[in-house]
Amino acid sequence: YLQSIATIILISVVLSAKSTCLCHAFLYDTTSLTLPPRRGGIGIVRNFYQQSHTAPFGNTQTKQQSLKPSLRPSHHLPRHQQSQSLQASPTPPTTASTSRQILSLAVPALAGLAIDPLLTLADTAFIGRYAPTSASLAGVGSATALLTFFFFLFSFLTTATTPLVASRRAAGNLKDAEDVAGQALTLALLLGVAVATLLISVGGTLLNDVMGSGARTGGAANDYAVAFLTVRALAAPAVFTIGAATGVLRGYFDTTTPVVILLGANVVNFALDVVLIVWN
């Protein structure tokens with residue numbers, strides 16, 4: 001149980017550090033931009049909700065002002081400026097290049113979705129093959145189903161953070177993108193603490209009354225389920241932080257880093273399964 005928590009916490013720390021460094025790198029590499037003043041950190045949940053309902057591409061007035069020079073007819077400029085304008089005009093992306101960009105983002109994201117369940121799958125497989133009794137596997141099955149349900153409810157931390165960060169970057173509001181990233185990570189941590197407290201407090205009741213682990217699988221399986229649920233619930237803040245950090249990285253067009261970290265975490269998890277389950 002403890003090796004699962006250690007692995008999840010390791011992933012969350014690395015992803016959070018990676019997303020924070022990435023935000024600062026984009027922010028300080030573009031010092032020529034005029035950035036809005038930074039808002040305070042009070043009312044994290046309220047600000048996160050309000051930002052999710054604002055215009056998806058930032059300040060419309062700022063965007064219109066940035067488009068004015070490009071809308072000015074080139075024949076109104078002097079001749080030497082017309083040639084410079086033609087030389088500096090960017091080449092529009094082709095359909096092939098756009099497709100390659102989409103694939104470069106979609107394929108790693110798809111791989112991450114495929115790799116993510118392997119942590120739980122490996123734990124269940126090792127317990128099923130090497131546990132002394134079938135009650136262990138029955139208890140882990142009941143607890144895992146309940147944990148998966150609760151963790152899936154908060155998957156919006158990934159899907160909501162990505163467009164919020166990406167839209168502010170597209171509008172040139174890099175400071176706003178950094179604020180959204182910080183608020184998402186803080187909100188994930190607070191929600192994780194709340195869910196962990198809830199599962200530890202009423203996890204036994206949910207297993208008995210909802211999952212039927214006590215009445216159907218027996219007392220031994222129920223004891224395993226309660227123990228597994230309690231220990232895994234401690235990792236809820238880390239799991240939610242992973243989701244928010246992944247959303248931030250996707251907003252910065254980085255879908256490869258979560259896959260690399262998940263692959264490393266699976267290797268560590270597999271090795272610890274061998275040490276703590278097989279050898280013991």
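This is a predicted model: local features need pLDDT of at least 70, side-chain atom pairs count only at pLDDT 80 or more; totals for chains, interfaces and linings use all residues.
Phe 150, by contrast, is buried, with a relative accessible area of 12%.

## Aromatic pairs

Six aromatic pairs are present in the structure. In one of them, the ring centres of Phe 126 and Phe 270 lie 5.3 Å apart and the planes meet at 70°, so the arrangement is edge-to-face. Phe 126 is buried at 9% relative accessibility, whereas Phe 270 is partly exposed, with a relative accessible area of 47%.

The rings of Phe 149 and Phe 150 are likewise paired: their centres are 5.7 Å apart and their planes stand at 80°, so this pair is also edge-to-face. A single aromatic cluster is formed by Phe 151, Phe 154, Phe 156 and Phe 240.

Ser 167 is located in helix α8, which spans residues 156-170. Its relative accessible area is 8%, so Ser 167 is classed as buried, given that the class requires a value under 20%. The side chain of Ser 167 is in polar contact with that of Arg 168, at 3.4 Å.

Arg 169 is involved in an interaction with an aromatic ring: its charged end sits over the ring of Phe 253, 5.5 Å from the ring centre.

Terms used: Residues are numbered from 1 along each chain as its sequence is written. Side-chain values use heavy atoms; hydrogens and water are left out. Helices (H or I, at least four residues) and strands (E, at least two) are DSSP runs, numbered from the N terminus. Buried means under 20% relative accessible area, exposed over 50%, partly exposed in between (1.4 Å probe, protein chains only). A polar contact is a pair of N or O atoms within 3.5 Å; within protein, one must be able to donate a hydrogen and the other to accept it, and residues adjacent in sequence count only if both atoms are side-chain atoms. Rings of Phe, Tyr and Trp (its six-membered ring) pair if their centres lie within 6.5 Å; planes under 30 degrees apart count as stacked, over 60 as edge-to-face and the rest as tilted. A charge sits over a ring if NZ of Lys or CZ of Arg is within 6 Å of the ring centre and within 35 degrees of the ring normal.
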